[in-house]
Amino acid sequence: MTDKDQNVNQEQLQEEPEIIYIPDEEGNEEEFEVIMKFEVDGSDKKYMMVVPVDADEESDEVYAFRYEEDGDDLQLYTIEDEEEWNIVEETFNTLMDEFDDEEEEPSK
């Protein structure tokens with residue numbers, strides 16, 4: 001297998017980013033990429049972390065929403081409770097640390 005063939009295979013393994021549209025205060029839809037979805041232990045609540053698609057590379061803006069799916073319908077809810085926010089933030093940071101650890105391990 002040549003390097004070129006290997007690159008093609010790796011590209012095929014990468015999933016297409018999931019894009020959602022969220023209206024701002026003026027009702028203009030902004031494009032966001034979903035970077036992570038997770039559930040919090042001990043609850044049936046689901047959360048997603050999104051980043052603006054048009055943000056520059058140096059921006060580290062990440063937005064968190066609680067969400068519910070009803071078929072193809074997606075309902076987003078802002079997290080206003082401080083305790084809930086702390087749980088979501090802690091879970092996100094833990095998952096990101098695990099992801100970073102996987103990235104750093106040499107392949108066997």
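Reader: How many salt bridges does the count come to?
Author: The count comes to 4 salt bridges. Keep in mind that this is a predicted model.

Reader: Which residue forms a salt bridge with E69?
Author: K46 does. The closest N and O atoms of E69 and K46 are 3.7 Å apart. The pair links distant parts of the chain. E69 is in strand β4, residues 63-70, and K46 is in strand β3. They are 23 residues apart.

Reader: What does R66 meet in a salt bridge?
Author: E68 is one partner, at 3.6 Å from N to O. E84 is another, at 3.5 Å from N to O.

Reader: Where do R66 and E84 lie?
Author: R66 lies in strand β4 and E84 in helix α2.

Reader: Which residues do the shared partners join into one network?
Author: R66, E68 and E84.

Reader: Are R66 and E84 buried or exposed?
Author: Both R66 and E84 are buried. E68 is partly exposed, with a relative accessible area of 41%.

Reader: Let's do strands. How do β3 and β4 run?
Author: Antiparallel, with 5 bridges joining β3 to β4. Y47 stands opposite R66 in β4.

Reader: How many bridges join β4 to β5?
Author: There are 6 bridges between β4 and strand β5, residues 73-78. These two strands run antiparallel. E68 has Q75 as its bridge partner in β5.

Reader: What do β4 and β5 form?
Author: A hairpin, with 2 residues between the strands. G71 sits in the turn and has a positive phi of about 65°.

Reader: Step back a bit. How many helices and strands are in the chain?
Author: The protein chain has 2 helices and 5 strands. Along the sequence the pattern reads α-β-β-β-β-β-α.

Reader: What share of the residues count as buried?
Author: 20% of the 108 residues in the protein chain count as buried.

Reader: What about contacts from residues 24 or more positions apart?
Author: Those account for 25% of the contacts with a separation of 6 or more.

Reader: Now the inside. Which residues make up the largest nonpolar core?
Author: It has 9 residues: M36, F38, V40, Y47, M49, A64, I79, V88 and F92.

Reader: Which elements give two or more residues to this core?
Author: β2 (29-39), β3 (46-52) and α2 (82-104) do.

Reader: What is M36 in contact with, leaving aside neighbours within four places in sequence?
Author: M36 is in contact with Y47, M48, M49, F92, L95 and M96.

Reader: How many residues are in the second core?
Author: The second core is separate and has 8 residues. Among them are I20, F32, F65 and Y67.

Reader: Where is I19 found?
Author: I19 is in strand β1, residues 18-23. I19 counts as partly exposed because its relative accessibility is 32%.

Reader: And E18, where does that lie?
Author: E18 lies in strand β1. E18 is partly exposed, at a relative accessible area of 36%.

Reader: Which residues does E18 touch, not counting those up to four places away?
Author: E18 touches F32, E33, V34 and K37.

Reader: How many residues apart are E18 and V34 in sequence?
Author: E18 and V34 are 16 residues apart in sequence. In space they are 5.4 Å apart, C-alpha to C-alpha.

Technical notes. Residues are numbered from 1 along each chain as its sequence is written. This is a predicted model: local features need pLDDT of at least 70, side-chain atom pairs count only at pLDDT 80 or more; totals for chains, interfaces and linings use all residues. Side-chain values use heavy atoms; hydrogens and water are left out. A nonpolar core is a set of buried Ala, Val, Leu, Ile, Met, Phe, Trp, Tyr and Cys residues joined through side-chain atoms within 4.5 Å. Buried means under 20% relative accessible area, exposed over 50%, partly exposed in between (1.4 Å probe, protein chains only). Helices (H or I, at least four residues) and strands (E, at least two) are DSSP runs, numbered from the N terminus. Contact means heavy atoms within 4.5 Å. A salt bridge is a side-chain nitrogen of Lys or Arg within 4 Å of a carboxyl oxygen of Asp or Glu. Two strands pair if DSSP finds at least two bridges between them.
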